[in-house]
Amino acid sequence: MGAIAEGLRRVLELDRELWHIVVLSLEVSLCAVFIATALGLPLGALLAVKRFAGRRAVIVLLNALMGLPPVVVGLLIYLLLSRAGPLGELGLLFTPGAMIIAQSVLVLPIIAALARQALEDAWREYEEQLRSLGARELQAGFTLMWDARFSLVTAVLAGLGRAAAEVGAVMIVGGNIDGVTRVMTTAIALETSKGDLPLALGLGAVLIAIVLAVNAAAQLIKEGAQRRYG
Amino acid sequence: MGLIRVALLAFAFAGVALAQDGFITVASTTSTEQSGLFKYLLPIFEKKTGIQVRVVAVGTGQALDIGRRGDADVVLVHAKPLEEKFMAEGQGVKRYDVMYNDFVLIGPKSDPAHVAGMKDVAAAFRKIAEAKAAFVSRGDRSGTHFAELEIWKLAGIDIAKDKGPWYRDTGQGMGPALNTAAAMNAYILSDRGTWLSFKNRARLTIVVQGDRRLFNQYGVMVVNPQKHPSVKAQLAQAFVDWLISPAGQDAIAGYRVNGEQLFFPNAGH
Amino acid sequence: MAKRASILPLALDNVSYASNGQSIISNVTLTIDAEPSTIILGANGAGKSVLMRLMHGLLSPSAGRVRWNEPDAASVRRRQAMVFQRPVMLRRSALANVLYALSLAGVPAAEREAQALVALDEVGLRHLAHRPARVLSGGEQQRLALARAWALHPEVLFLDEPTANLDPGAAREIETVIRAFDAAGTKIVMATHNLGQARRVGDEVIYLQAGRVIERAPIEQFFARPASAEAAAFMKGELPWV
């Protein structure tokens, strides 16, 4: 307990450096979630509404990919982005861009799978009525997405929580470079490996506070919406 | 609305990554970074030249691998045989000595193998093996790991064959390995820098130091731009030139931890 | 301006429907004309809901054909509406739900609100126009479903047990709206197992049992003297005091 208090005190002393780390963490994770949402929501909607050969296999695969180990994703993206790899020309390795890519890959299955579940439940409820009114599949997809918006927000926040908490992927593709690619999780890993546990704990407390805030916001949104819209 | 801002941020990031030119990437080791040397040294260089130095700190094996892939412009490690192999492969332009620090044998204050104060580190290792006292190894192909293996050889011990449950191969960096040794109250070979900054000492202390064979030589190489066209050869050479220049060497000597000098410049010796 | 032809009569030619190896509708051949309000009567599990969905086009028959008097399938779809046993409302206001149906039907944006408000007036929900639809009571939501259908001015209105989940008071309100549809010229096809409701709303009865049409007759004739033993037994079960 005393270690956490001391850690928080040390963390507050870091101010500028800490501020940079926290801001970078949020930027990387938010960008990744944005990309994953832009790709994952339509994918989830497509899987929820359209019937096609191999649909069940895709759903099983997507659910399995939710459990992708971050280090494995990190390694694969590292091999892709390395100068010795196919996308080396982009010069993205060891930059925040690489971290965003890795986290997008990690978070996309989560958002798509959770969105698919929410939208499939909604489709079960709405399908007959929407088809009776003459909605075509694409139209119905958009209507479902808007109507299930609160469940989808929860899915997106689940993705954000995963992105903010992972260390394996960003460590490998980012390189934990001081001032450039050091984020909260890699900073905690570094301080722990240096044996500076109070500082690591302090940073951990800040990270947990952020994740808690995100989840509290999600809960408030859901409850408020439930009350207003039924 | 907020979504658009985040999207723009994303592109700005990519843009910054691609457009920024005045920086080099140095692949070095975790122990060097954790010693705090870079935090002290690099701002001096950056102020003088305007070149930003980005250090990716990993194990020695991985640092050299990063160099071989062309993902770094400079490699700065402390494992001369591996560095010479790197040069023999044509992966580096030229190898320079930069500085040395030393390793120290850490052990429990209770000293079950009775090695405290010995001047011969190989003999100390032999006594530890005979006593089957707990010993933590990094086991991660790092410079420190290779140094440890060398000493076992000098002690006449085939550690791969003769190790028992007393020898713990952890595959970790220096900090985590020290944490493990502290928790197990075991012997461990560490670089002085990491030990001086290590805050979780429990019941451990330095038991053997000063043996010449514990000196740890650092070498720096610019990654060969002929093999890897993306290497920023000019900026990288500027960094290496500064490191081995009197100004750079003085800066290295000026780095203190708890009032003690950690690195001893020896370029051109 | 030439009056366009009605999509009725609707003809079912030897229609069957099976699912998971179970036969639900067997060899149904009938014609639905424009004039009488048609009640599809039967016990739970007789196949009323499936038959309605086959007619409305939500299900495709396993055998046989469903033929309207109009070749253009899109036109046929737009000129019918269906109200389900459980009303399905979007997470929007009551008014917005009606506007949504109008936009799907291709009504120009400028005209939608006026038409939607007229529809809400017709069912007595104007005062709840801006209330979130899903917080309305069951009866109010069902009336909203009818308003949504009303706004589309369908030629045929299918109703699948619309008052099964409502209390008698709310049920009577629904029946009033249905009769208004009828008076305005919409063909009513309603499935129910409630005999009293059938008598209040319908002009003819199609009695369905185990997926087959057992009997079809004008409403009073059916109730006074059911021609089939099955229909008689059904009515005895529904009205044990007869």
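Student: Into which domains is chain B divided?
Tutor: This is a predicted model, in which local features need pLDDT of at least 70, side-chain atom pairs count only at pLDDT 80 or more, and totals for chains, interfaces and linings use all residues. Residues are numbered from 1 along each chain as its sequence is written, with chains lettered from A and ligands numbered from 1 in the order in which they are written. The domain bounds come from an automatic or database domain assignment. Chain B is divided into domain 1 (2–101 + 217–265) and domain 2 (102–214).

Student: How many residues does each domain of chain B bring to the contact?
Tutor: The C-alpha centres of domain 1 and domain 2 of chain B are 28 Å apart. Residues are in contact if their C-beta atoms, placed from the backbone, lie within 7 Å. The contact takes 16 residues from domain 2 of chain B and, from domain 1 of chain B, 17 residues.

Student: Which element gives the most to the side of domain 1 of chain B that touches domain 2 of chain B?
Tutor: Helices are DSSP runs (H or I, at least four residues), numbered from the N terminus. On this side, α2 (30–34) and α4 (60–68) of chain B each supply at least two residues. With three residues, the element that gives the most is α2(B).

Student: Why is α3(C) described as oblique to α4(C)?
Tutor: The axes, lines fitted to C-alpha atoms over the stretch in contact with angles from 0 to 180 degrees between N-to-C directions, come within 9 Å and cross at roughly 120 degrees. Angles under 35 degrees count as roughly parallel, over 145 as roughly antiparallel, 65 to 115 as roughly perpendicular and the rest as oblique. The crossing angle of roughly 120 degrees therefore makes α3(C) to α4(C) oblique.

How values were computed. Contact = placed C-beta atoms within 7 Å.
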